[in-house]
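Here is a short report on a protein model and its ligand. Start with the structure, then read on.

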Amino acid sequence: MLEKHEIKEWFRHTYITCLEEQAQRRSEAKKKSYKAAAASTSTPSPPPPHQIPPPIRSSPLLHRLRRPPPASDPLLLGVSILGRVSVSWGRRRSGHREGIKKLRIAVGQRDASALTTAHFMGEEAPEFRVESVALESKDCLQNAIDIGDKTYVISRSDDPKSSITIKILDKLTRTWVVPTVLGAPPNPTSSHSVVLVNNEKILIIEKGVPLKDSIWFLEVDTPFVKQQSKIKGTVVVAWSKGVIGEGQKPVVISGPSGVGKGTLIAKLMKEYPSKFGFSVSHTTRAPREKEIDGVHYHFTERSKIEEEISEGKFLEFAHVHGNVYGTSIEAVESVTDEGKRCILDIDVQGARSVRASSLEAIFIFVCPPSFEELEKRLRARGTETEEQIQKRLRNARAELDQSNSPGLFDHLLVNDDLEACYENLKKLLSLYDDHEDSNDSFIKDGKETACYSILSKTNSEILLQSETNEAEKGTTNLLSLDLSSLSGGAPGRTRGLKISPVN
Ligand SMILES: Nc1ncnc2c1ncn2[C@@H]1O[C@H](COP(=O)(O)OP(=O)(O)OP(=O)(O)O)[C@@H](O)[C@H]1O
Ligand SMILES: Nc1nc2c(ncn2[C@@H]2O[C@H](COP(=O)(O)O)[C@@H](O)[C@H]2O)c(=O)[nH]1
């Protein structure tokens, strides 16, 4: 008797071999067409696109599954495959349907074939093609998604503590690549379902967690991923958690050292503790008296922060006054995840980096009433040596020069009288829409675990179906996930998801 994992292994092997063979056939066909084109002209040149044969769209999976599995004994039967399936049936292809479908492979005796059937509207389809395949069993899940010449294999191991792993098959070179994975992956859960959103990203729905924590994107070819691939010289993929609704834009506060940024932020946090949350930066500088690790900063070693920066964990970082400072993605997103508006206190270089990132924020520059006053405040604070004060003042001149760089800051605030400046800051922040998204109110506070799988997909909408009887719990069985207004993405969250119940 074969164990379930052996069946899975066999199936995976069979499926991947199919893909490889298909890739080879495709590349041979391409070569032939190139040769034919070269022979028919005196100057060898690549053929025009119409001479390149179309991709082979046979049913490799079905074909291959009819091969005997590598068993020496009678096999167990019944493994489910969840796949996006394109099915044609009837001798003259009288019908054609596409959709997410659960197929079943039943494996018989030692040299019996594996049987796979696809039914649509009660009729068995003699021919079908599988675009994305998930192999589900109690203890393991593996999905394969085709994008162009690559197949992304997303695996969840049997160990509930280990997270998802990604492998990529390059179908042209027939080689496997283990990509550099950026961003925090979903927490380990028992299972998930997967669908291709577009050629840039894959959507993963985690099961057994609150719905608001269940939506994840694996970015495989977004601008961020392309940029990181270039920098690292490796194949990169990146995780981004889906956020229902827009949330409120984070607020970036910049300005020279000693101008009073920290003072203004402390007042805001004290008055509105449940509304605002502070992005706790990392720094290599030594803690000042009364500064608490994890509250004012995450104090860290240079080698550690450099390593984490190279792992893509930082939204921005900069060398400021001789030390490294940086905002981790986690620092911002943990505040957002609490439903609070995030405040970042960062220097002008950092503000520039955030402006260039996918995080949509409001940028405020705080100016001193005069350079002399700035120097006075910095000295009065008494936290720096004379040498450090001189360095900070030199840097202050450069920062003040950049305060009106076109397109960098949305607002300038002069911090002369503290109370007046604070009032202006409050006015400015309340200018921005404070509304909560109403369309997702029915799940916003839901702590219950959800168990939804992907039922169907169009360009902008995905239907999720509950796997448990949600109706009994008073919730809905069918949800529409609207992807038409997504924003952000890796290295932060993907915002703008809309969820509504479907009657
Ligand atoms: N409007 C103000 N008038 C007088 N003193 C002020 C005013 N605002 C802040 N201060 C004082 O100036 C000093 C510097 O303020 P603060 O530490 O908030 O500056 P900062 O911009 O956060 O500096 P850094 O960038 O170095 O962290 C503090 O001692 C603070 O009490
Ligand atoms: N680019 C970033 N700059 C940051 C960050 N955290 C703080 N800062 C800026 O550094 C200076 C000095 O701060 P201090 O606490 O040593 O006085 C100040 O201008 C901060 O705004 C960060 O994460 N990134």
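A polar contact here is a pair of N or O atoms within 3.5 Å. The model is a predicted one. With that cut-off in hand, turn to the ligand.

**Ligand contacts**

| Residue | Protein atom | Distance to an oxygen atom of ligand 1 |
|---|---|---|
| Ser257 | N or O atom in the side chain | 2.6 Å |
| Arg381 | polar side-chain atom | 2.8 Å |
| Gly258 | polar backbone atom | 2.9 Å |

Taken alone, ligand 1 exposes 640 Å². The protein buries 73% of that area.

**The shell around the ligand**

Ligand 1 has 14 residues around it. Ser257, Lys261, Gly262, Thr263 and Arg381 come nearest. What is the make-up of the shell around ligand 1 in nonpolar, polar and charged residues? Six are polar, five are charged and three are nonpolar.

Two helices deserve a look. α4 (261–271) and α8 (371–381) each supply at least two residues of the shell. α4 gives the most, with three residues. The space that ligand 1 takes is the largest pocket.

**A four-stranded sheet**

Now to a sheet. Four strands form an open sheet in the order β19-β18-β21-β20, and their pairing is mixed. Which strands are at the edges? They are β19 (298–299) and β20 (314–320), each of which pairs on one side only.

β18 (residues 282–283) and β21 (residues 323–328) pair in the antiparallel sense, over two bridges. Thr283 stands opposite Tyr325 in β21.

Definitions and conventions
Residues are numbered from 1 along each chain as its sequence is written. Chains are lettered from A and ligands numbered from 1 in the order in which they are written. This is a predicted model: local features need pLDDT of at least 70, side-chain atom pairs count only at pLDDT 80 or more; totals for chains, interfaces and linings use all residues. Side-chain values use heavy atoms; hydrogens and water are left out. A residue is near a molecule or strand if one of its heavy atoms lies within 4 Å of it. A polar contact is a pair of N or O atoms within 3.5 Å; within protein, one must be able to donate a hydrogen and the other to accept it, and residues adjacent in sequence count only if both atoms are side-chain atoms. Accessible areas come from the Shrake-Rupley method with a 1.4 Å probe; for residues, only the protein chains shown count as cover. On a 1 Å grid over the protein atoms alone, a cavity is a set of points where a 1.4 Å probe fits but cannot get out, and a pocket is an open set with protein on both sides within 12 Å along at least five of seven lines; lining residues have an atom within 4 Å of a point. A molecule sits in a cavity or pocket if more than half of its atoms lie within 2 Å of its grid points. Ala, Val, Leu, Ile, Met, Phe, Trp, Tyr, Cys and Pro count as nonpolar, Asp, Glu, Lys and Arg as charged, and the others, Gly among them, as polar. Two strands pair if DSSP finds at least two bridges between them.
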